[in-house]
Amino acid sequence: MAMEYESNNWIWDGVYYYPHLFGGLMLTAALLGLSTTYFGGIGLFPLSYVWSDLGIFHKKKREKKRIRVYMDGCFDLMHYGHANALRQAKALGDELVVGVVSDEEIIANKGPPVLPMEERLALVSGLKWVDQVIANAPYAITEQFMNSLFNEHKIDYIIHGDDPCLLPDGTDAYALAKKAGRYKQIKRTEGVSSTDIVGRILSSLKDTKGIGDDNSTLLKGDLGERHQSKRGQISQFLPTSRRIVQFSNGQGPGPNDCVVYIDGAFDLFHAGHVEILKKARQLGDFLLVGIHTDHIVSEHRGMPYPVMHVHERSLSVLACRYVDEVIIGAPWEVTKDMISTFNISLVVHGTVAESNSLLPGETDPYAVAKSMGIFRLLESPKSITTSSVAQRIVANHEAYMKRNAKKAQSEKKYYEEKAYVAGD
């Protein structure tokens, strides 16, 4: 930012930056019989403007260097833990560049990804803290790639969580960055991981019909068994008000803003969710998203849904750059009172959904909005659903069970050696 030129301080600028030139001017003034004190007054004020315009006494422009930080990951089954890691990384700099590891590298180092590169890119790009994305990043920070980050992408620091990231040979994937002194560490978000989410799905299947049986009915939601089935693996996430504040934009709509409302489960937050939220946000000035309660989701979809509980799902939605606010535990029906309370101008719903069927005796949840002429059905940009994502895991369950078993060992070691890490 260029420092402002202050006319009554130009004399000192001259002395400091151009002592020889200014000394000559002072001598000339003395020979002409002018008082040197005249220079400090307003008598030569017009002259100062001339010099200023000529750039003689302009201080050099100084721009604060923007710190660019880099963080990479697989970002498979994108969850609020990933989002919180990137939020913390962004806080360590001004611009956050995120590397998304290629499908091939994930297969070689961890096993098959649930989400292909295209979907993982959409999820990462949709996060509010991300400024730039590098596709097909390597799993390990090689010397060549590190030099590329420093020289081409102008990265100042490479960021990773406090949990170890080891290569198949047992070496640290970030050893070179640490050696270069350009490594910074953030705190891991407890209670969730992609491995944990895969485990929840596989555990639910084993507890109901068993791996190897016909799971297609279960994955679509078995309403007949919703009261008998139990979720196989419980989330360890401990929600706090501080975390919600960290994810929130902290601003409400203006009095004349067009508030768009969309609701749903938003379970296993995926690329389809990102695209429909982006489309909804383009219709107004403020996007309000209703997150249905666990009970509502379970009632309409059956077990094992929701895979993520309401606070986990709310954080995933809040992290999306297109979302301005969420209602945690939104009602199934969009009422007249709700529309008035939040000053909703438009209610939208996507064409692709898990289930559009109503329970016995249940009325259309959008009946009021339709009667007011403020309801619109949006063509969903993608056909992805939570069930279709879960089906990928079931279809390749042996590979994921093997991957989870291997990951469980490193997770166990991490928790055994875990120490407090400052940060949030």
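**Notes on the salt bridges and ring contacts**

1. Let's start with a charged pair: arginine 120 and aspartate 103 meet through their side chains in a salt bridge, 2.4 Å from N to O. Arginine 120 belongs to helix H6 and aspartate 103 to helix H5 (residues 103–109), so this pair ties together parts 17 residues apart in sequence. Arginine 120 is also buried, its relative accessible area being 0%. Bear in mind that this is a predicted model.

2. How many salt bridges does the structure hold? The count is 13. Another one to look at is arginine 68 with glutamate 95, where the closest N and O atoms are 2.6 Å apart. That pair links distant parts of the chain, with arginine 68 in strand E1 (residues 68–73) and glutamate 95 in strand E2 (residues 95–101), 27 residues apart. Arginine 68 counts as buried, at 15% relative accessibility.

3. Next, arginine 281 forms a salt bridge with aspartate 324, and here the closest N and O atoms are 3.0 Å apart. As for networks, salt bridges with shared partners join Arg66, Arg68 and Glu95 into one.

4. On to the rings. Searching the whole structure turns up 4 aromatic pairs. One of them is tryptophan 129 with phenylalanine 247, an edge-to-face pair at 5.1 Å centre to centre with 75 degrees between the planes. Tryptophan 129 sits in the loop between helix H6 (117–125) and strand E3 (132–137), and phenylalanine 247 in helix H11 (residues 241–247), so the pair ties together parts 118 residues apart in sequence. Tryptophan 129 is buried at 10% relative accessible area, and phenylalanine 247 is buried too, at 0% relative accessibility.

5. Arginine 182 has its charged end over the ring of phenylalanine 150, 3.8 Å from the ring's centre. Lysine 370 lies over the face of phenylalanine 375, with 5.1 Å to the ring centre.

6. Finally, the whole chain. The protein chain has 18 helices and 10 strands, and 48% of its 424 residues count as buried. Among its contacts with a separation of 6 or more, 80% come from residues 24 or more positions apart. The accessible surface is about 21300 Å², with 54% of it belonging to carbon and sulfur atoms.

Conventions. Residues are numbered from 1 along each chain as its sequence is written. This is a predicted model: local features need pLDDT of at least 70, side-chain atom pairs count only at pLDDT 80 or more; totals for chains, interfaces and linings use all residues. Side-chain values use heavy atoms; hydrogens and water are left out. Rings of Phe, Tyr and Trp (its six-membered ring) pair if their centres lie within 6.5 Å; planes under 30 degrees apart count as stacked, over 60 as edge-to-face and the rest as tilted. Helices (H or I, at least four residues) and strands (E, at least two) are DSSP runs, numbered from the N terminus. Buried means under 20% relative accessible area, exposed over 50%, partly exposed in between (1.4 Å probe, protein chains only). A charge sits over a ring if NZ of Lys or CZ of Arg is within 6 Å of the ring centre and within 35 degrees of the ring normal. Contact means heavy atoms within 4.5 Å. Accessible areas come from the Shrake-Rupley method with a 1.4 Å probe; for residues, only the protein chains shown count as cover. A salt bridge is a side-chain nitrogen of Lys or Arg within 4 Å of a carboxyl oxygen of Asp or Glu.
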